[in-house]
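This report covers charge pairs, helix packing and a surface patch. Keep the structure open while reading.

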Amino acid sequence: MEQNQHKPSLETVVSLCKRRGFIFQSSEIYGGMSGFWDYGPLGAELKRNVRDAWWRDMVTKREDVVGLDSTIIMNTKIWEASGHIGGFSDPMSDCRKCQTRHRADVLVEEQIGLDATLVTNDDGSKGFPEGIKCPKCQSTDLTPPRDFNLMFKTHAGPVTDEASVAYLRPETAQGIFVQFQNVVATARKKVPFGIGQIGKAFRNEVTPRNFTFRSREFEQMELEFFIEPGTDAEWHEYWIKARLDWYQTIGLPASSLHRYEYPADKLAHYASGCVDILFDFPFGIQELEGIAARGNFDLTQHQNASGKSLEYFDQESNSKFLPHVIEPSAGVDRICLALICSAYREEWINKETKEAVEAEPGKQAPDGHEARTVMRFAPRIAPTKVAVFPLVKNKPPVVEKAREVFLKLNERWACTYDQVGAVGRRYRRQDEVGTPYCVTIDFDTLDDDTVTVRDRDTMKQDRLSLSDLEAYLAERLS
């Protein structure tokens, strides 16, 4: 997919998502709830398509990866062993002038650069580098950064006391690590192999922001790929390339993707490397996915805390070892937002030639042109694949034939049926939600069983036989 030369503003994206049923504010009729979002009819389809694409490519199609679906609430000892209860926090700072709360590390990154970090004072406390300001009021009177734990606490069982304390998982990875031996025993996989999981996670973010980019409830797609110690660098680079390539298969152009390698002083103490895949959002270049070489830290922690061996027995060498792991971890919600931002186009259409050019923001279409908004989703992730129209709605034979075609296609693809308004207006509605193909049934269809198929991107219309329709669509939607 070609790069969008005129990126939409975040406000434009939010407006489209509400208007067309991609994403709604959670609890909206009660004033909403910060950091929580609901996916509407089209958003739910888009999100499902992203999950399905990841699962198919990362799990189903690979012989060296299997799947897992672990629980959201797990034994509290897991979070103690992983370090989340004691150390899963973000630095928080308040502006004394306007009372706004901020993520301190984010302020530093946004105002100085991705490689910039908080200052460590002589007493071990954290501080700001020179020149950090409140983004709301520009004041430099900020409180010193202090840790804020991100875990959501709850209680499991009928009694609310310390013994019943539980936590909503802040990531899906730990469920994979604690089930490592069970998966090895039942899936009969040999190292190197991976365990993939998709699921909800929860973090009590200090400042949720940028629409769905940073939320308190979100969905992760994580792979833990277990490898022999000493092969970390090789497998790390393999998965970085594989993940960068994958994003292009779902419609994100290479020119919008960036690779950020963490400097040594920003790596976790157990990691030998970490690379983020970044996307050029309307609000800046931000992370889509992290790919970390985590060593054997997690398996070691859980082995020591549980007293149960998590070592892998290699029959070929007749030896045991704790595997190291490469972890590609992606956010479903961030990917969906990136896809919406990337797909959005405002175009001017030449009324005679039907050629399209990107519109210049804020300007009227030139004479002889009309404006359209179109979502150029890749077919594999488009929420609706095909729209079926009867040319007119007041001729029962045409409507009946259109319904027949719709029901048949809907068995194979996500389709929609629309008979309201002029055909041109219906085309525009489907353009704005990203439907790749529209099929129109007219009076000629009743005579010769042919239909008109219109392409979203080129707006070219082909006339073909109903008997060839499924094959025609299958070739282009695969």
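How many salt bridges does the structure hold? This predicted model holds 43 salt bridges.

## Salt bridges

Asp 64 and Arg 62 pair through their side chains, at 2.9 Å from N to O. Arg 345 pairs with Glu 358, and here the closest N and O atoms are 4.0 Å apart. This second pair links distant parts of the chain: Arg 345 lies in strand S19 (residues 344-350) and Glu 358 in strand S20 (residues 356-358), 13 residues apart. Arg 345 is buried, because its relative accessibility is 1%. Glu 358 is partly exposed, at 22%.

Helix H12 spans residues 423-433. Its buried residues include Val 423, Tyr 427 and Gln 430. Arg 428 and Asp 431 form a salt bridge at 3.2 Å, N to O. They are 3 residues apart in H12, so about one helical turn separates them. Arg 428 is partly exposed, with 22% relative accessible area. Asp 431 is buried, at 0%. Salt bridges with shared partners join both residues into one network, whose other members include Glu 347, Arg 372 and Asp 457.

Just after H12, Gly 434 has a positive phi of about 90 degrees.

## Helix packing and surface

The axes of H11 (396-410) and H14 (residues 466-477) come within 12 Å and cross at roughly 35 degrees. The crossing is right-handed. H11 contributes Lys 401, Val 405, Lys 408 and Leu 409 to the contact, and H14 contributes Leu 466, Leu 469, Glu 470 and Leu 473.

Leu 391 sits in the loop between strand S22 (386-390) and H11. Leu 391 is partly exposed, at 34%. With Phe 443 and Leu 446, Leu 391 makes a nonpolar surface patch of about 240 Å².

Technical notes: Residues numbered from 1 in each chain as written. Predicted model: local features only at pLDDT ≥ 70, side-chain atom pairs only at ≥ 80, totals over all residues. Heavy atoms only, no water. Patch = residues over 30% accessible without salt bridge, like charges linked within 9 Å, V, L, I, M, F, W, Y side chains within 5 Å. Areas by Shrake-Rupley, 256 points an atom, 1.4 Å probe, with all protein chains shown as cover. Helix = DSSP H or I, 4+ residues; strand = E, 2+ residues; numbered from the N terminus. Buried < 20%, exposed > 50% of the residue type's maximum accessible area, 1.4 Å probe, protein only. Axes fitted to C-alpha atoms, helices over the stretch in contact; angles between N-to-C directions. Left-handed = near helix turned anticlockwise from the far one by under 90°. Contact = heavy atoms within 4.5 Å.
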